[in-house]
Amino acid sequence: MLRSLVAVAAIGRAAANGRHDASGHVIAGLAQEELAVTDSGKLGDRAPSYAFWSTGDRTTAPPYTPPTNRVYNTKGGPVEGKINVHLVPHSHDDTGWQVTVDQYFSREVYWIIDTLTEQLAQDANRKFIYVETAFFARWWEQADDFKRSRAKSLVRNKQLEFINGGWCMHDEASPLWTAMVDQTTRGHQWLFKTFGAQANPKGTWQIDPFGHTNTQAWLLGAEAGMTSLFWGRMDYQDREMRYGRKQSVKPPTGGFEWVWRGSKSLGSSADVFAGDLYGTGQGGYSTWLNFDDETQQVNDDPSRHDYNVDQWVDKFVQDAREQAKHTLTLHQLWACGTDFQYQNADRWYRNLDKLIHYVNLNGSVNAFYSTPTLYTDLKHRNRSVTYELRQDDIMPLADNAHNYWSGYFTSRPALKRQVRFATSYLESARLLEVVTNTSKKDVNRPTYKKEPVVGDSWTDALEGTVGVATHHDGMSGTERQDVTDDYAQRITESALEAEAGVAVAFGRLLGVGREAFDHCNCNSGPMSCLNASTCSATHHGFSVAAFSPLGQDVDHVLRVPIVSDGPWRCKDASGKALASQILALDQRTRELPRLYLNSFNLTKEEYRAADAALTNEATAVLAVSLPIKATGAATAACGPGASEPSSSITVTRDGDNLIVDNGLLRLTFCTATKALTTIENLASRTTTSLKLTWGWYNSSTGGCTPYPDTLSDLEPACSSQASGAYIFRPNSSELYGFDPSFVPQMAVETGSVYAEVRLRGSPFTSHTIRLGKDNAHVEVEWTAGPIPVDTPWLAPDANWGKEVVLRYDTAVASGGVFYTDSNGRETVKRVRDKRGPSYPSPYKISEPVAGNYYPVNALASINDDCVEFDVIVDTSLAVWKSTSTPSTRQLLVDVHTGPWAARHLRVDRSSSWSTAASRRTTTGACRNR
């Protein structure tokens, strides 16, 4: 999972899960810390505390014999004064990773739900918690009336409890809060619709995501009515400190539980009881036993040679006493299961029934079936215990000195962008649906391959496919390529129905038919993609309808590809002229659709035909400034013709300096170096140097990390860990440049809407800096890729992996402090080479680059006593703050990561415009504080 997907020996009936690939083979090269997440204890892993009858001469009566009717006593609950072991059966079922969501369901998850519901019905004391509603809804569609009725009884009897209750277990680094809320709400709506209020989840179970945000704690936890939040992963130094009870914060937690206050704004009103599952002492979401393993069975028949129940009881008691040393109160939780468990639920429950029966007969500790809800309720009842108050997050997570999980912050950037923009489109489509009262029947354009249905809206299919893609092995970018393709295809197919609904809604607003509308949102292929400046419907004249979901009036700039050999003009619905400007379509942008060309097995004639089909006929981009009212729509009609004269943004030259001035901001470029040099806020008379530079880190394939002199209290420098989709690990802190023989390029255009400076510093990286006429911010649109592996300017055979970044150099004297958003909500203070107050101090940073990267979904910010500099992004990226020299402060935006062996084609590009969402492009703003 972290290093290699090379298969080794198969074990039993293994699933494609945290240890196994799609063929059920153990994944080679997994780090020990990763194995610990799903590690379970085994019989014999502890020394006996006494001589076992089962291993002796058996001349005396056996200590435990089965009940005469073979019905085990599984009744029970907490017992005062004893260690109480809450046995919580669960299965962690990824909605896509090694195989697709539907493949996982048909191969594995159907059998999990089918057999566990059957087994729960056989004993009213048995319990199970389930998370991924997208899977349960699939099972429900295939279940007969008897199975459905049985499932309803189990929910009513509180044997089957839904926890989290979202459509999936979402990632926490990549999505905006809106996507997290959407997919959680969808799951809860399905549960309410199917089972009623009694199925309402009361706890949060984020056991596998690779880091945890404050927003998850307060918004998806406390504010969503959850009483608890449990993880399966946490930072290794944090975990070791808590295991050793060495916290500096008093009172110590005595283990892995605390009260998490995620929101500074809401304070104690949004507190939630939280913790990292104990596992076998190293965290993780398994426990001291696992009965999916056919070698681990409880035998209580004294006449059999392999009678071992006395060994199991002794192990159980020892394990419980060990966990009690690291847990406050006498209550402890055992997560009985791991990835894709309970496909034969009888095996689990038969063994757990025996253990509960015999452990309670022993009397040393008390065991019973439970859920996180029951466990948390009993924790709250103990008023004598004070838990640590935690206010920091778990980003980036590290599970050892060189395994920082910051690679997935930028893995699969195209899918991250697709999910972000589909989420925005979904929000706007819902608003249009309500405003125009447009029903699914009115749209009459069904999605035939869809998620299980929750509502009767024409946005339901898109909601479901976006929801399943927010999975922590989905938009995180950690899944196989074919699974990524499946997520993308699902979103694209369901988006077509949403587009049809938007057309009907717009038609009602404007009094025209739906057939009048074309869509260029990339869902009909590369030649209908405004992100790549392709849209044949707009080439020779068009009318465009734009809707803004924002709660305030906006002046939105639409950028539309056209074929132009002369001037164009645009008018609004009243006939009033709109400010517009034609910008030449640069060659870099025109090349983008051709990157979709697959030449494999094509003849020369077929290649020419395919190439011609992917040739962008547009010659220019028309930028038109369109005012839109709050939560309203506006139209513009554009076509060839002379436009009214309008003032342009000033562009002047002074020697080697090119100066762009809109009256609010002044940008200075050096024509010799082809680079931005300064930015000035004319209103506050604040100036700072500002330079944007592309660079790349060399991806490690394993080795030793060079430590800078600034770091102390270091751990061993060497590790076999490579850089990959999950873990970012560069070979060094050196940021490399590109081929020095490449001559930098710079082109300038200006008009009544924009001044645009296009800069290209290598064959595969470029960026455009735009200053709008009335804007107090600067837009930066970047294009990266295809990223080559070969590096001939360094050595003839230097096939080096590249982690590409865009660096912002300023003179803002912020020291090592910067700020990032938490899923687009509150900001979090970051300090280079440090962590928050809940972590051990000093915190050891063994990867100076990877250990300082943080996810960014909305903004990153630095400031000093007078100047604040912000980078606002329109898709999920990663940012870190460097201070390489006293006079320069660097903010580095990671736009792409990947292992050295990633030779397949990838092109990343920031957005330019969407009619259904407000513009949120990469922006840099320098202003007086």
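**Chat about the predicted model**

Colleague: Starting with Ala197: buried or exposed?
Modeller: Ala197 is exposed, with a relative accessible area of 53%. The cut-off for exposed is over 50%, so Ala197 qualifies. Keep in mind that this is a predicted model.

Colleague: Where does Ala197 lie?
Modeller: In the loop between α5 (177-195) and β6 (204-206).

Colleague: How far is Ala197 from Arg156?
Modeller: 9.9 Å in space, C-alpha to C-alpha. In sequence, Ala197 and Arg156 are 41 residues apart.

Colleague: What about confidence? What is the mean pLDDT of the protein chain?
Modeller: The mean is 88. Of the residues in the chain, 91% reach 70 or more.

Colleague: Where is the pLDDT below 50?
Modeller: Over residues 1-16, for one. That stretch has 58 contacts in the model beyond near neighbours in sequence. Residues 884-889 are also below 50. Their count of such contacts is 16.

Colleague: Switching to helices. Which residues make up α2, and how does α2 pack with α9?
Modeller: α2 covers residues 101-120, and α9 covers 345-362. The two pack at an angle of about 35°. Their axes are 8 Å apart.

Colleague: Which residues meet there?
Modeller: From α2, Thr115, Leu116, Gln119 and Leu120. From α9, Ala345, Asp346 and Tyr349. By class, the contact has 4 nonpolar, 2 polar and 1 charged residues.

Colleague: Where is the kink in α2 centred?
Modeller: On Glu108. The kink is about 50°.

Colleague: And how many residues of α2 are buried?
Modeller: 14 of its 20 residues, so α2 is mostly covered.

Colleague: What comes just after α14?
Modeller: Gly511, with a positive phi of about 75°.

Colleague: Which residue has a positive phi although it is not a glycine?
Modeller: Asn444 does, at about 50°. Its place is the loop between α12 (440-443) and α13 (460-469). Asn444 is exposed, with a relative accessible area of 61%. Asp833 is also not a glycine and has a positive phi, about 70°. Asp833 lies in the loop between β33 (827-831) and β34 (854-856).

Colleague: Now cis peptides. Which residue is joined to Pro396 by a cis bond?
Modeller: Met395, with omega about -15°. Pro396 is in the loop between β12 (389-390) and α11 (413-436).

Colleague: And which residue is joined to Pro786 by a cis bond?
Modeller: Gly785. Omega there is about -10°. Pro786 is found in the loop between β30 (778-784) and β31 (802-810).

Colleague: You mentioned α11. Tyr425 has its place in that helix. Buried or exposed?
Modeller: Buried, because Tyr425 has 9% relative accessibility and the cut-off for buried is under 20%.

Colleague: Last one. How far apart are Tyr425 and Ser841?
Modeller: 44 Å in space, C-alpha to C-alpha. In sequence, Tyr425 and Ser841 are 416 residues apart.

Conventions: Residues numbered from 1 in each chain as written. Predicted model: local features only at pLDDT ≥ 70, side-chain atom pairs only at ≥ 80, totals over all residues. Heavy atoms only, no water. Helix = DSSP H or I, 4+ residues; strand = E, 2+ residues; numbered from the N terminus. Axes fitted to C-alpha atoms, helices over the stretch in contact; angles between N-to-C directions. Contact = heavy atoms within 4.5 Å. Nonpolar A, V, L, I, M, F, W, Y, C, P; charged D, E, K, R; others polar. Bend = angle between axes of the 7 residues up to and from the residue. Buried < 20%, exposed > 50% of the residue type's maximum accessible area, 1.4 Å probe, protein only. pLDDT = per-residue confidence, 0-100.
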